[in-house]
Amino acid sequence: MDILNQLLAGFATAGTPVNLLWAFVGCALGTAVGVLPGIGPATAVAMLLPITSHVDATASMIFFAGIYYGAMYGGSTTSILLNTPGETATMVTAMEGNKMAKSGRAGAALASAAIGSFIAGTIATIIVTLFAPVLADHAVRLGPPEYFCLMLLALTTVSAVLGQSTVRGLTALFVGLAIGLIGMDQITGQARYTGGVPELLDGVEIVLVAVGLFAVAEALHAVLFEGAVKESENKLSRVTMSTSDWRRSFPAWLRGTAIGAPFGCIPAGGTEIPTFLSYAVEKKLAKGEHLAEFGNQGAIEGVAGPEAANNATVTTALIPLLTLGIPVSNTTAILLGAFQNYGIQPGPQLFSTSASLVWALIASLYIGNVMLLVLNLPLVGLWVKLLKVPKPQLYAGILIFATVGAYGMRQSAFDLVLLYGIGLLGLVMRRFDFPTAPVVVGMILGPLAEAQLRNALSIGEGKWTIFLERPMSLTLLCVVLAVLVLPRLLRKRK
Amino acid sequence: MSFISSKKNQEIILSTGIISLALGLALGAYGISSEAGYAGIGPNFLPLLVSAGLFLCGGFLFWEAMGNGFSHLPDADPSDSTQAQPCWSGMAWMSAGLLLSAALITTIGFILSCALCFVCAAHGLRQAHAGPAQAAQSLGIRSWVLDAFLGLAISAPVFWMFTQFLAISLPGLTQSGWL
């Protein structure tokens with residue numbers, strides 16, 4: 001009953017005209033960002049981080065949540081209509097969605113993706129509502145050793161398990177940790193790697209790294225390597241679903257949600273595994289002519305399932321972020337940065353110290369889902385027009401917004417030069433298949449993990465055995481080990 | 001040029017770069033105090049750990065680069081004309097745009113420097129799309145004017161929105177707050 005009361009209070013906060021407007025602008029902007037190639041939710045939120053210095057915390061978190069959510073809806077539109085693989089989250093949707101669009105069923109694919117996102121998003125938001133406060137209650141009892149192990153788990157999974165290569169993922173992680181080291185040490189105030197540059201004492205802004213790695217690197221990659229790439233666009237058909245489409249999509253949505261939701265809850269991040277898993281399940285369950293459609297005319301289950309799994313994962317990923325303060329993806333890492341700008345450290349205390357903010361945020365997720373369904377079903381034709389923006393102007397425009405984000409944070413021209421440098425780093429990483437998520441997560445989580453590690457060792461009076469003496473941290477260490485070793489063993493046996 | 005364009009050499013250079021970065025970090029870590037307090041590890045612990053980790057990764061990548069290579073890049077073959085060549089002139093234009101706007105933003109203001117960046121970047125991308133052969137004829141004065149207009153049309157409203165509505169200070173050419 002307590003949860004219901006707090007949720008209603010959250011609705012009251014999120015339902016004020018100003019906050020509704022923020023949610024709407026966020027959803028619309030998020031959809032646009034998702035539709036436009038070359039810019040994703042992480043970039044968009046990062047570019048807009050400077051607003052945290054003037055807009056109040058609740059409004060800006062509602063705004064950012066709208067962008068975060070909207071981009072998921074918009075991304076599926078692009079991956080269905082455009083024959084170029086978009087971001088990893090929608091890669092699986094593209095496989096069947098593209099085939100459907102080619103055989104003239106783009107409308108049905110878009111509808112199934114949007115409604116599936118809505119259903120999965122709503123169910124996952126209910127899960128967040130019910131379980132996040134419970135988890136927060138338990139998480140209060142965790143001490144520095146447990147926190148350190150949880151963060152270690154998040155860092156390990158983001159870098160070593162997701163992505164194609166463990167070594168490249170770990171390299172990216174260490175680069176991120178190294179960037180996080182620049183500036184003053186949190187505990188002793190000792191300056192590290194500043195090279196005497198006063199601008200570096202405060203550390204490198206998360207905006208710079210995110211915008212540089214994603215937006216600037218994307219633009220540089222486009223100008224250097226993608227000149228000759230020709231892309232084709234599929235025709236949009238009427239956005240409706242037949243009875244048989246409904247009958248085939250509905251169970252797939254629910255299965256996708258069931259697969260996706262648990263993946264977001266554990267600090268293991270990434271939507272690749274749940275979306276691929278959902279795709280495999282749908283293909284396995286399909287029979288007869290429906291099975292024959294997979295990979296040929298395109299099967300609607302192959303769009304409905306992964307798209308639902310994607311949204312469920314993305315939504316429940318807010319649970320570790322809000323209750324433990326552990327981000328598991330690019331965008332949640334940047335959301336954590338936004339909280340930090342307000343001097344709020346997400347963690348178990350968040351539900352008691354900033355209750356109204358958290359519940360308004362959760363309520364806005366329900367509202368945002370409804371808004372996005374409206375924005376994406378009847379109005380999908382409007383967003384599709386964005387795909388017609390010519391590449392030169394699109395990327396050049398993105399650079400303007402990158403400049404706003406990077407400069408607006410600290411008003412320093414030095415940051416713009418740094419932005420270019422990080423863009424070059426991102427270009428090299430992209431060219432040689434290094435994942436970028438570990439850099440951002442490592443940079444944000446690194447200093448936090450270091451502080452927890454040193455606090456934990458202080459509690460243990462300098463003895464490392466403290467991590468083995470406490471049952472919870474020992475268990476977590478075993479999980480970290482299992483996450484590193486098990487996939488390798490399974491691969492060997494195959 | 002052929003030395004640089006070979007995939008193997010690129011990968012060797014990159015992994016050597018990672019190893020040198022690790023060594024540089026380790027060197028820097030020696031200048032950091034090791035005062036540990038109760039924890040037993042001080043502010044120099046993580047820097048040393050990161051440089052060690054990076055060194056191991058760089059070493060492994062170097063070993064892979066000497067073997068079959070680690071990335072999925074196709075090996076560049078200059079004789080194959082169907083293969084897309086990187087457009088270095090476009091890259092130069094975009095870099096110039098970004099660095100010029102960084103250098104000039106405090107003197108000529110946000111709107112003009114961003115419009116300049118837009119024009120340079122868009123020109124570079126047009127070159128990349130048109131290919132070097134047609135670039136000279138097709139990119140006439142019209143495209144410059146169009147880009148300049150678009151650049152101003154994007155950066156001016158962005159400037160007003162951020163400075164007037166969100167109260168984020170961006171440098172202007174004048175003190176009026178509108179230009």
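A salt bridge is a side-chain nitrogen of Lys or Arg within 4 Å of a carboxyl oxygen of Asp or Glu. I kept that cut-off beside me while going through this predicted model.

**Entry 1: the count.** I looked up the salt bridges over all chains, and the structure holds 12.

**Entry 2: R470(A) and E146(A).** I found their closest N and O atoms 2.8 Å apart, so the pair falls within the 4 Å cut-off and forms a salt bridge. I then checked where the partners sit: R470(A) is in the loop between α22 (466-469) and α23 (471-493), while E146(A) belongs to helix α7 (residues 144-161). The two are 324 residues apart, and the pair links distant parts of the chain. Is E146(A) buried or exposed? I noted a relative accessible area of 4%, which makes E146(A) buried. R470(A), at 27%, counts as partly exposed.

**Entry 3: R430(A) and E218(A).** Here the closest N and O atoms of the salt bridge are 3.1 Å apart. R430(A) lies in helix α20 (residues 413-431) and E218(A) in helix α9 (residues 206-225), so the pair ties together parts 212 residues apart in sequence. I read 35% relative accessible area for R430(A), which is partly exposed. E218(A) has 19%; buried means under 20%, so E218(A) counts as buried.

**Entry 4: R255(A) and E282(A).** This salt bridge has its closest N and O atoms 2.9 Å apart. I listed R255(A) as partly exposed at 28% and E282(A) as buried at 2%.

**Entry 5: a network.** Which residues do salt bridges with shared partners join into one network? I wrote down D185(A), R192(A), E450(A) and R454(A).

Methods
Residues numbered from 1 in each chain as written. Chains lettered and ligands numbered in written order. Predicted model: local features only at pLDDT ≥ 70, side-chain atom pairs only at ≥ 80, totals over all residues. Heavy atoms only, no water. Helix = DSSP H or I, 4+ residues; strand = E, 2+ residues; numbered from the N terminus. Buried < 20%, exposed > 50% of the residue type's maximum accessible area, 1.4 Å probe, protein only.
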